[in-house]
Amino acid sequence: MHHILQYLPQDKRNPRAWIGLAILLSYFLVYTILNVLSSSLVDLDEQAILNQDPESLLIMQGVSQILIFIVLALLLTYLLLRYDVKLFFARLSGTEVALTFLVSAGAIVVISALGSWNMELDFGDGSFAAFSRKMEDQLKIVTEHITDFRSTKHFLIALIAVAVIPAVSEELLFRGLLQPLLSQVIRNHHVAIWLTGILFSAIHLQFYGFFPRMLLGVAFGYLYYWSGKLSLAMLAHFFNNAFALILLAMAQAEVIPLEVDDMNQSAPWPIVLVCTILVAFLLVRFKRLYPNEA
């Protein structure tokens, strides 16, 4: 397997693993606190957002992802852990790409049901519920504006900013660094995968979509754990985000009989059940590609 544990000393007390984990968790904590404070203290001006060029907003979003996630990941990789970042970008076979595509397509349907359920959760009337709803409303305003595609160029910029850059940056930091460092420290791959999935979802501060994002993070984590190829998790992440953008663009262009407002609705349950079985079968098939992952 080509992942970080192979290149770190296999010692639970390894200081580099502890330091790297401490830096990552501290960074996530500060990042989350700043986001909570900015969202709580500043009311989003909807009209000001709508007056901005959506393509410029997408470019800003992509650049911020690079600065916030990729730069930190590269610094930790080169300066603290001291190994070649090219190990994260292993070549993929045609079978791996095809299976990843099918798993991602099926997961879109499964996640639609989980997302619909998550959106209906009642968080009560307290401050957490108010904050969660405010974050969801702000996200909706921004998302609808930047994904109201007006040209092919606009769509391609969105594809890069929403699918390509997050797939590389978030997988590099969460699955490439956080997950193996947690595994190194707590000595349990499965706990590390689930903890990483929880943190991956929590840092987005979108609790009406918490469980679908957490489950996706866990799925990405297992793909990396089984294969030892972070590029596989990146590809799955890209497919997931890209599918959503493509469906949205096709709905806006009336290429498919789907209303944009229905994009967040669950697929019919018979289809969800079939896709769940299909995704489970494909994941088992995926795991069998790597019989020596242990």
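Which residues in H5 are buried? The views below come from a predicted model.

**View 1. Helix H5 and its buried residues.** In H5, the buried set is Ala129, Phe131, Ser132, Met135, Glu136, Gln138, Ile141, His145 and Ile146. The helix covers residues 127-146, and its 20 residues at 1.5 Å each should span 28 Å; the end C-alpha atoms sit 29 Å apart, which agrees.

View 2. Because they are four residues apart in helix H5, about one helical turn separates them. Arg133 counts as partly exposed, with 32% relative accessibility, and so does Asp137, at 39%.

View 3. Arg175 and Glu171 form a salt bridge at 2.7 Å, N to O. These two are also four residues apart, this time in helix H6, so about one helical turn lies between them. Arg175 has 0% relative accessibility and counts as buried; Glu171, at 0% as well, is buried too.

View 4. Glu55 meets Lys153 through their side chains at 3.6 Å, N to O. Glu55 belongs to helix H3 and Lys153 to helix H6, so the pair ties together parts 98 residues apart in sequence. Glu55 is buried at 15% relative accessibility, whereas Lys153 is exposed at 54%.

**View 5. Leu24 in the largest nonpolar core.** This core has 45 residues, and Leu24, Leu172, Leu173 and Leu177 touch the most other members. Helices that each supply at least two of its residues include H1, H3 and H6. Leaving out residues up to four places away in sequence, Leu24 touches Leu72, Leu76, Leu173, Leu177, Leu178 and Leu181.

Note on methods: Residues numbered from 1 in each chain as written. Predicted model: local features only at pLDDT ≥ 70, side-chain atom pairs only at ≥ 80, totals over all residues. Heavy atoms only, no water. Core = buried A, V, L, I, M, F, W, Y, C linked by side-chain atoms within 4.5 Å. Buried < 20%, exposed > 50% of the residue type's maximum accessible area, 1.4 Å probe, protein only. Contact = heavy atoms within 4.5 Å. Expected span 1.5 Å × (residues − 1). Salt bridge = Lys/Arg side-chain N within 4 Å of Asp/Glu carboxyl O.
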